[in-house]
Amino acid sequence: MRLAPASLLWRTLLVIIAALVLSQATAIWLLHAFVTQPRVAFGVGHFVSHLKTISAALETMSPEQQEMFMARIAEKEGIRISPVRGNERMKPAGDLAPMRLFRERLRELFGEDADVYVRAGDGLGGGPPRVLWVRLPAGQRDFWVAFPRGRLERDPSAALVAWSAVGLVIAIAATFLLVWRLNRPLHELAQAAAKIGKGGDPAPIAESGPAEIREVARAFNQMKEDLRRGERERAAFLAGVSHDLRTPLARLRLELEMLGAKADGEALGAMVADVEDMNAIIDQFIDFTRSETAERLVPTDLSELARSCAERAARSGLDVRCELAPVPLVVVRPLAMQRLVDNLLVNAQKHAGGEVLVRTLAGDGQITLSVLDRGPGIDASVTERLKQPFTRLDEARSGASGAGLGLFIANRVAAIHGGRLELLPRDGGGLEARVTLPA
């Protein structure tokens with residue numbers, strides 16, 4: 001099972017997010033160690049010194065002056081001061097890091113008995129108490145000094161979360177922009193390569209983007225032109241040879257016809273059959289050089305197309321039967337599909353003999369067209385090799401004619417329509433040549 005993402009976009013995004021999380025964690029640790037802690041220590045020391053000043057001031061004042069001083073402190077600084085009465089329900093505050101530092105500073109100035117307290121029952125919803133209390137000695141009396149917890153503990157978590165979230169969003173947006181600019185030409189390159197693999201002729205890839213992408217696009221365009229040039233030269237050669245052979249074959253056929261009764265009938269028939277075989281091979285060469293992609297796409301009923309091919313084959317002497325189901329129209333190149341069916345029928349006639357069945361089915365978003373025979377079948381280990389040009393079974397070399405192009409042409413036509421050709425064993429013996437197309 002693959003855990004890592006497959007696409008360049010998500011791999012890049014994963015690396016950047018991991019790097020960002022690591023850098024953020026390092027930054028937070030450095031901020032805590034070298035900024036937050038020193039500032040907290042400074043703030044705690046300053047506040048404890050302020051409490052020392054308040055204690056010294058209360059110690060020198062009369063009760064009336066103390067009342068006025070406590071009211072002024074409460075108004076200006078939010079610090080409430082009240083005399084200790086002994087009935088307050090106080091308990092020591094928790095031992096968190098800022099509290100521990102505050103407690104140590106208190107004991108340095110006010111003695112080992114000094115502590116920081118919280119009132120029992122204070123705190124909403126089970127959270128930490130919002131007010132801290134310090135018992136402050138001032139001469140003959142002790143005072144409670146109540147102040148907001150925020151004077152000691154400022155929670156930076158909200159700012160850190162916002163900082164991390166904004167950084168993550170910026171990193172994701174930048175990654176998408178960067179990789180999208182890289183992926184767009186790569187996606188076009190993949191589509192063009194797939195189209196070439198199916199026999200198509202894609203437009204040249206735009207040579208844009210980073211230098212490496214431009215170099216790959218330039219090399220691909222050059223490769224495509226080299227392939228097309230080689231294919232055109234090969235097609236022109238085969239077409240020229242096929243055309244040149246037509247004339248001597250026609251003369252040879254005419255001379256055989258003129259011999260008439262002068263020649264042995266069986267030998268004459270064999271020679272005529274050989275001439276017809278050579279004409280069939282030339283027809284395969286011409287089909288091989290023909291470019292199916294030049295034909296227009298037309299909505300077509302494959303069942304009707306298969307019926308017309310079967311009727312044409314029956315007129316030439318093939319024992320063919322049809323089981324054609326109603327199928328939806330599919331956009332194909334009709335002449336190319338006719339060549340596909342004709343080649344499969346001719347292949348079945350040559351290598352199987354007997355009745356040939358043509359079947360169409362529709363379902364699961366696909367249309368299948370099958371040509372089935374009761375011949376010896378084909379071993380599964382050689383089915384893919386037989387789809388290559390100029391390839392035939394060893395058993396067929398001494399008997400059946402052909403250049404070994406029929407299955408290659410059928411497979412090429414299926415591929416340019418987004419389908420596939422499969423050579424499968426037929427139930428009960430024989431071969432099923434099945435073409436599957438997207439509906």
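**Entry 1: strand 1**

I count a residue as buried under 20% relative accessible area, as exposed over 50%, and as partly exposed in between (1.4 Å probe, protein chains only). Helices (H or I, at least four residues) and strands (E, at least two) are DSSP runs, numbered from the N terminus. I am looking at a predicted model, where local features need pLDDT of at least 70, side-chain atom pairs count only at pLDDT 80 or more, and totals for chains, interfaces and linings use all residues. Residues are numbered from 1 along each chain as its sequence is written, and side-chain values use heavy atoms, with hydrogens and water left out.

I started with strand 1, residues 80–83, where the side chains alternate. Then I looked for its neighbour: strand 1 runs antiparallel to strand 5, with four bridges between them (two strands pair if DSSP finds at least two bridges). Ser 82 has Trp 144 of strand 5 as its bridge partner.

**Entry 2: aromatic rings**

My rule here: rings of Phe, Tyr and Trp (its six-membered ring) pair if their centres lie within 6.5 Å; planes under 30 degrees apart are stacked, over 60 edge-to-face, and the rest tilted. That gave me six aromatic pairs. In one of them, Trp 29 and Phe 34 have ring centres 6.4 Å apart and planes at 85°, so I noted the pair as edge-to-face. Trp 29 is exposed at 53% relative accessible area, and Phe 34 is exposed at 58%.

Next came Phe 47 and Phe 147, also edge-to-face because their planes stand at 65°, with centres 4.7 Å apart. This pair links distant parts of the chain, since Phe 47 is in helix 1 (residues 8–59) and Phe 147 in strand 5 (residues 141–148), 100 residues apart. Phe 47 is buried at 3%, and Phe 147 is buried at 1%. Ring pairs also bring in Phe 102, making a cluster with Phe 47 and Phe 147.

How many residues of helix 11 are buried? I found ten of its eleven, residues 406–416 being the span of the helix. Phe 408 and Arg 412 are among them. Just after helix 11, Gly 418 takes a positive phi of about 75°.

Most residues other than glycine have a negative phi. Asp 364 is not a glycine, yet I read a positive phi of about 55° there. Asp 364 sits in the loop between strand 9 (356–363) and strand 10 (366–373), and is exposed at 83%.

**Entry 3: salt bridges**

Side chains of opposite charge can pair when their charged atoms come close. I took a salt bridge as a side-chain nitrogen of Lys or Arg within 4 Å of a carboxyl oxygen of Asp or Glu, and the count came to 13. Asp 115 and Arg 103 form one, with their closest N and O atoms 2.5 Å apart. Asp 115 is in the loop between helix 3 (97–110) and strand 3 (116–119) and Arg 103 is in helix 3, so the pair ties together parts twelve residues apart in sequence. Both Asp 115 and Arg 103 are buried.

I also noted Glu 323 with Arg 321 at 3.0 Å, N to O. Shared partners join Arg 321, Glu 323, Glu 355 and Arg 359 into one network of salt bridges.
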